[in-house]
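The following note collects comments on the model under review.

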Amino acid sequence: MAKEIQMYDDAASVAFIRNFIPQELKEKMTDDDIVYIVDLIYDFYESRGFMDMAEDSEETVEVDEDELVEYVVKNAARDEVGHFSANEIRFVVQGELEYCESINLFEED
């Protein structure tokens, strides 16, 4: 039986990530910072063609988490959004991946 895929919800994603990250990062990072980082995650997916691959193929998309974190860190620094370390960014990336898994976003039929 296929798991039910829920709709992606930005506010739920932020709340999930906020619950996922360590306390000291909760105090340092605003909701806007989290939304910005999540936007960069999806920019990364699009820049690598992962969004099209996921829609057009039965193939599993493998994301290099280190490459993704590096992309987010580089773009956040360029845009002067927050001053977060790669490890802090990694918590948000992992939180977003866990959120997507919790709503079965990446599940196949």
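Is M7 buried or exposed? The points below begin with that residue and then move to the fold and its helix contacts.

1. M7. With a relative accessible area of 72%, M7 is exposed; the cut-off for that class is over 50%. This is a predicted model, and the residue sits in the segment before helix 1. Apart from neighbours within four places in sequence, M7 is in contact with Y99 and I103. The C-alpha atoms of M7 and I103 lie 7.4 Å apart in space, although 96 residues separate the two in sequence.

2. Overall composition. The protein chain holds six helices and zero strands, in the order α-α-α-α-α-α from the N terminus. It has 109 residues, of which 32% count as buried. The accessible surface amounts to about 7100 Å², and carbon and sulfur atoms account for 47% of that area. Where contacts join residues at least 6 apart in sequence, 69% of them link residues at least 24 apart.

3. Helix 1 against helix 6. Helix 1 covers residues 10–20 and helix 6 covers residues 86–102; their axes are 9 Å apart and the packing angle is about 125°. Helix 1 is therefore oblique to helix 6, since angles of 65 to 115 degrees would count as roughly perpendicular and those over 145 as roughly antiparallel. The crossing of this pair is right-handed. Helix 1 contributes A12, S13, F16, I17 and F20 to the contact, while helix 6 contributes F91, V92, Q94, G95, E96, E98, Y99 and S102. By class, the residues of this contact comprise seven nonpolar, four polar and two charged.

4. Y99. Y99 counts as buried because its relative accessibility is 4%, where the cut-off is under 20%. Leaving out neighbours within four places in sequence, Y99 is in contact with M7, Y8, D9, A12, S13 and F16. Of these, A12, S13 and F16 belong to the helix 1 side of the contact with helix 6. Y99 and I17 are 82 residues apart in sequence, yet their C-alpha atoms are 7.3 Å apart in space.

5. Helix 1 against helix 3. How do the axes of helix 1 and helix 3 cross, and within what distance do they come? Helix 3 spans residues 31–47, and its axis comes within 10 Å of that of helix 1, crossing at roughly 105°. The two helices are therefore roughly perpendicular to each other. On the helix 1 side the meeting residues are S13, V14, I17 and R18, and on the helix 3 side D31, I34, V35 and V38. The contact of helix 1 with helix 3 divides into five nonpolar, one polar and two charged residues. S13 and I17 take part here, and both are also listed in the contact of helix 1 with helix 6.

6. Helix 5 against helix 6. The axes of helix 5 and helix 6 cross at roughly 120° and come within 9 Å; this crossing is right-handed. From helix 5, residues E65, D66, L68, V69, V72 and V73 meet A86, I89, R90, V93, Q94 and L97 of helix 6. The classes represented in this contact are eight nonpolar, one polar and three charged residues. Q94 is named in this contact and also in the contact of helix 6 with helix 1.

7. N87. N87 is likewise a residue of helix 6. Its relative accessibility is 56%, so N87 counts as exposed. N87 lies 18 residues from V69 in sequence, with a C-alpha to C-alpha distance of 8.5 Å.

8. E80. E80 belongs to the loop between helix 5 (65–78) and helix 6. At a relative accessibility of 68%, E80 counts as exposed.

Conventions
Residues are numbered from 1 along each chain as its sequence is written. This is a predicted model: local features need pLDDT of at least 70, side-chain atom pairs count only at pLDDT 80 or more; totals for chains, interfaces and linings use all residues. Side-chain values use heavy atoms; hydrogens and water are left out. Helices (H or I, at least four residues) and strands (E, at least two) are DSSP runs, numbered from the N terminus. Buried means under 20% relative accessible area, exposed over 50%, partly exposed in between (1.4 Å probe, protein chains only). Contact means heavy atoms within 4.5 Å. Accessible areas come from the Shrake-Rupley method with a 1.4 Å probe; for residues, only the protein chains shown count as cover. Axes are lines fitted to C-alpha atoms, for helices over the stretch in contact, and angles run from 0 to 180 degrees between N-to-C directions. Angles under 35 degrees count as roughly parallel, over 145 as roughly antiparallel, 65 to 115 as roughly perpendicular and the rest as oblique. A crossing is left-handed if the near helix is turned anticlockwise from the far one by less than a right angle, and right-handed if clockwise. Ala, Val, Leu, Ile, Met, Phe, Trp, Tyr, Cys and Pro count as nonpolar, Asp, Glu, Lys and Arg as charged, and the others, Gly among them, as polar.
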